[in-house]
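Work through the exercises below with the sequence and model at hand. Try each task before reading its solution.

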Amino acid sequence: PRPASCTHQLRNSGLSWSDMGARLAVVDAFAESVFRGNPAAVCFLDVAADRGWMQALAAELNLPMTGFVLSRADGEHDLRWFTPTTEVAICGHATLAAAHVMGGEARFHTRSGVLVAHRTTDGRVELDFPAIPVEIGSVPDGLLHALGVTDDDVLRSWAGGEWRLIELTSPGLVRELAPERDGLLVLGEIVVVVFAAPGEREGVDSVCRVFEPASGIDEDPVTGSAHCALAPLLAERTGRTNFTCEQASSRGGFVETQLVEDRVLLRGRAVTVFEGVLARDPERQKDEATA
């Protein structure tokens, strides 16, 4: 669906959507108000776009993530995610942003399978994501130095695919982290999740921060997918399945999680910052690039 505000403006201008470029929205996800949570751009395509064009637009927008939504013949949607430098396999906050603009109800076909979104009775968006399996593992050489912590600060560490989870002894240490970007970059394309559990405030089950400079994101403000790895760990430890998790970035945000077998439900709010249309659509961009 087109946002009502944009549709009204086009009707008054005498133009149609076919006269315009792809529709674009910028949304603050996992946020109660603007300029909090994690910003994401969402680009709604009328035709499939070249991967290079999508990457170029994500770099131009320079937000932590840009999601590209393409309608399917079956009424569902394809969804791909790009940081300013690379395409990724899964992203929680850009999926939340896309679902929010679409009214909260959507089925997205992605590299990580079908992801379902729906609007809850209290106005949040709930995402059904796969749990991310991790196993107890050693800390990669150089990682603690890059984070600015010592062995005495670490309780446990886990690894799975590109994910590296490190549990510190206190939420205060998590909040105080000042990582060396270059030190993290030399470790390659890993996503580092540093957390403590529980949080220092009543009702907060974990406090985390997430760093992935090799993917073009020095620190991710609020990372839904990271909580797909954290939720199973918290459930194993507590015997519970529902958690309130804080991400202690400078923008800050909360993710409500529920573990359901091998799936994690992520719940949060989102706020639209602006809507508009691109001056150049992907089809024209491809034609001119090959002319």
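**Exercise 1.** With which residue does arginine 51 form a salt bridge?

*Solution.* This is a predicted model: local features need pLDDT of at least 70, side-chain atom pairs count only at pLDDT 80 or more, and totals for chains, interfaces and linings use all residues. Residues are numbered from 1 along each chain as its sequence is written, and side-chain values use heavy atoms, with hydrogens and water left out.

Take the criterion: a salt bridge puts a side-chain nitrogen of Lys or Arg within 4 Å of a carboxyl oxygen of Asp or Glu. The partner is glutamate 87, with the closest N and O atoms 3.1 Å apart. Now place the pair. Arginine 51 sits in helix α2 and glutamate 87 in strand β5 (residues 87-88), 36 residues apart. Helices (H or I, at least four residues) and strands (E, at least two) are DSSP runs, numbered from the N terminus.

**Exercise 2.** Is glutamate 87 buried or exposed?

*Solution.* Buried means under 20% relative accessible area, exposed over 50%, partly exposed in between (1.4 Å probe, protein chains only). Glutamate 87 has 13%, so it is buried. Arginine 51 has 39%, so it is partly exposed.

**Exercise 3.** Which residue caps the N-terminal end of α2?

*Solution.* Aspartate 50 does: one of its side-chain oxygens lies 2.9 Å from the backbone nitrogen of glycine 52. Continue along the helix. Trp53, Met54, Gln55, Leu57 and Ala58 are the buried residues of α2 (residues 51-61). Just after α2, asparagine 62 has a positive phi of about 55°.

Terms used:
A polar contact is a pair of N or O atoms within 3.5 Å; within protein, one must be able to donate a hydrogen and the other to accept it, and residues adjacent in sequence count only if both atoms are side-chain atoms.
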